[in-house]
Every structure is written in structure tokens, then in C-alpha cells.
Amino acid sequence: MTPPDKAATRTELTDLANKLRDLAFALDELSSVGPEGIEASVSISEWTFAKRVVPILVGKMMGHPSIKNGNIGATTEIFYIDAAAGLARSFNRWYRLGPAVSDQSVLQ
């Protein structure tokens, strides 16, 4: 992900778009052929689930389809952010960025 203080280049955006298209294609393929039809070139054994931190935004929402206007909400994983342009893209949708919180907790 591009840091908030640095706008993504067109190449980075193209790479991200291509990776997300590849993921969507793979899921469509699974839907069509089922698990038996998937050819996986990598195997993993002695595996377990784990979690890792991903970047999200937390703040007062306006116009969100399931969060009441003015309520605090959290986005899904952020894939793109350009604070200077006031724009962010989460896994689910675009967000127009208003003023950011500086040196204080969003949940105060």
C-alpha cells in the first residue's frame, strides 16, 4: 500500500488493478470448475490460520450504506490512499476523505 504522504504512481495502480483482477478471475474459475478443477502449483503442510494487521481507516461516516451518518465506522482493508487528493479505496468502495484527526484518538 502507498503511504498516506505519497501518491501512488500509475505503475503501482496498474499493478494493484492487475493483481485484483487475477484474484477475481481465480475465484470465478473456482466457481466454474470446483475445487477438483483447480491446479495449484504450491502446497502447504502443517498449516494453521494466522492474522496479520492490515491498514484500515476509522472515522465518522457520511453516506455509508450500513453505518448511520455521523457514527464512527471502520473500513475494510485500504488498498489505495492519496490524502492530498482526498481519496481512498478500500476492498469494498471508494471514500472521499474529509479532515484527518491529528494527535488525538478518533474514539474520544
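User: Over how many bridges do strand β4 and β5 pair?
Analyst: This model is predicted: local features need pLDDT of at least 70, side-chain atom pairs count only at pLDDT 80 or more, and totals for chains, interfaces and linings use all residues. Residues are numbered from 1 along each chain as its sequence is written, and side-chain values use heavy atoms, without hydrogens and water. Strands are DSSP runs of E with at least two residues, helices are runs of H or I with at least four, and both are numbered from the N terminus; two strands pair if DSSP finds at least two bridges between them. Strand β4 covers residues 87-90, and its antiparallel pairing with β5 has three bridges.

User: Which residue in β5 is the bridge partner of Arg89?
Analyst: Strand β4 spans residues 87-90 and pairs with β5. The bridge partner of Arg89 in β5 is Trp94.

User: Which strands stand at the edges of the sheet?
Analyst: The sheet is open and antiparallel, with three strands in the order β3-β4-β5. Each edge strand has a single partner, so one side of it is left without a neighbour in the sheet. The edge strands are β3 (78-82) and β5 (94-96).

User: What pattern does the chain follow along the sequence?
Analyst: The chain has one helix and five strands. Read along the sequence, the pattern is α-β-β-β-β-β.

User: How far does α1 reach from its first C-alpha to its last?
Analyst: Helix α1 has 24 residues. The expected span is 1.5 Å times one less than the number of residues. That gives 34 Å, and α1 comes close to it, reaching 34 Å.

User: Which element gives the most to the lining of the second largest pocket?
Analyst: A pocket is an open set of points on a 1 Å grid over the protein atoms alone, where a 1.4 Å probe fits, with protein on both sides within 12 Å along at least five of seven lines; lining residues have an atom within 4 Å of a point. This pocket is lined by 13 residues, with Leu16, Leu20, Phe79, Arg89 and Ser90 nearest its centre. Two or more lining residues come from each of α1 (10-33), β3 and β4. With seven residues, the element that gives the most is α1.

User: Is Glu46 buried or exposed?
Analyst: Glu46 lies in the loop between α1 and β1 (58-60). Buried means under 20% relative accessible area, exposed over 50%, and partly exposed in between, with a 1.4 Å probe and protein chains only. At 84% relative accessibility, Glu46 is exposed.

User: What is the phi of Glu46 near?
Analyst: Most residues other than glycine have a negative phi. Glu46 has a positive phi, near 50°.
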